[in-house]
Amino acid sequence: MNGQPPPLSPPPPQYVPPRQGSGCCAKGCLTILIVGFLLFAAVVGCGWYLYHEVTTNLISSVPSDIKIEAPSEVESRAAEDSYARLKAAIANNTETTVAFTGPELNALLLSDTDLKFLRNRGRIAIANSVVSIDMSAPLDALPWPGMKGRWFNGTVRFTFTFTDGRFRVDLESASAGEHEFPGAFLSSFNSSFNRSLNENFQEELDRNRRDTEFWKHIKSMSLQADKLVITTKPGER
């Protein structure tokens with residue numbers, strides 16, 4: 001392909017966050033979403049590493065210090081209210097629509113003890129129906145030599161939808177340090193990532209009944225302007 005080696009399909013994320021509390025019917029359902037965004041960014045960095053077979057410029061021996069501004073009282077209240085409505089709709093088997101802004105998702109990340117391992121490691125923003133994530137992801141869990149104590153520090157921007165039980169993610173831009181990823185790589189990455197994402201999503205549902213209980217109530221997820229919009233549906237009893 002234009003004299004360049006064909007892009008390699010990145011492996012699925014290796015890290016699975018611990019399940020605590022009341023599972024996917026509580027803040028765990030938003031944990032799935034937030035962690036999914038951050039792991040998506042991590043996999044982009046790993047795919048770029050494989051594509052170029054270098055480590056010196058694209059990954060680092062030290063993490064970036066990514067700070068999230070403390071949410072305002074209004075942002076915290078809005079996030080908790082939207083979460084409560086989502087939880088109630090799933091518990092009552094009803095249809096509703098809730099929305100979260102980037103600051104509201106960050107507020108949930110800061111307040112949820114199950115997500116404390118992400119603090120100062122990821123920051124979410126949503127604008128013009130595109131998610132932007134600044135992150136510093138540890139690569140220790142990857143099965144390749146030289147990854148111990150290494151970090152992917154970068155930024156990704158992508159669109160995101162979930163309809164008919166399937167995800168669609170389209171990467172718009174990505175960078176690691178001072179390096180911008182070429183469009184040809186991103187285009188080829190999108191197809192393989194979506195295929196792997198949906199295959200692993202279905203496998204996880206087959207293994208975990210709590211995840212199935214949550215996702216059977218989700219009609220759609222989409223990015224609209226500066227919000228992530230989630231619509232529930234009655235699930236089969």
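This is a predicted model: local features need pLDDT of at least 70, side-chain atom pairs count only at pLDDT 80 or more; totals for chains, interfaces and linings use all residues.
Two strands pair if DSSP finds at least two bridges between them.

**First stop: strands E4 and E5.** Select residues 151–163, which form strand E4, together with residues 166–176, which form strand E5. These strands run antiparallel and are joined by 10 bridges. To see how they line up, display Gly 154, which stands opposite Ala 176 in E5. Then move to the hairpin of E4 and E5, where 2 residues lie between the strands. Asp 164 takes a positive phi near 55 degrees there.

**Second stop: strand E6.** Select Ser 175 and find its bridge partner in E6, Glu 180. The hairpin of E5 and E6 also has 2 residues between the strands, and in this hairpin Gly 177 takes a positive phi near 60 degrees.

Select residues 183–207, the 25 residues of helix H4. At 1.5 Å a residue, H4 should span 36 Å; its end C-alpha atoms are 36 Å apart, so the two values agree. Next, centre the view on Asn 190, where H4 has a kink of about 25 degrees. Asn 190 is also buried, and other buried residues of H4 include Phe 185, Phe 189, Phe 193 and Leu 205.

**Last stop: the core.** Which residues touch the most other members of the largest nonpolar core? Select Phe 158, Phe 160, Trp 215, Met 221, Leu 228 and Ile 230, out of the 42 residues in this core. H4 supplies the largest share of the core, 6 residues. In soluble globular proteins, nonpolar side chains tend to be buried together.

Note on methods. Residues are numbered from 1 along each chain as its sequence is written. Side-chain values use heavy atoms; hydrogens and water are left out. Helices (H or I, at least four residues) and strands (E, at least two) are DSSP runs, numbered from the N terminus. The expected span of a helix is 1.5 Å times one less than its number of residues. The bend at a residue is the angle between axes fitted to the seven residues ending there and the seven starting there. Buried means under 20% relative accessible area, exposed over 50%, partly exposed in between (1.4 Å probe, protein chains only). A nonpolar core is a set of buried Ala, Val, Leu, Ile, Met, Phe, Trp, Tyr and Cys residues joined through side-chain atoms within 4.5 Å.
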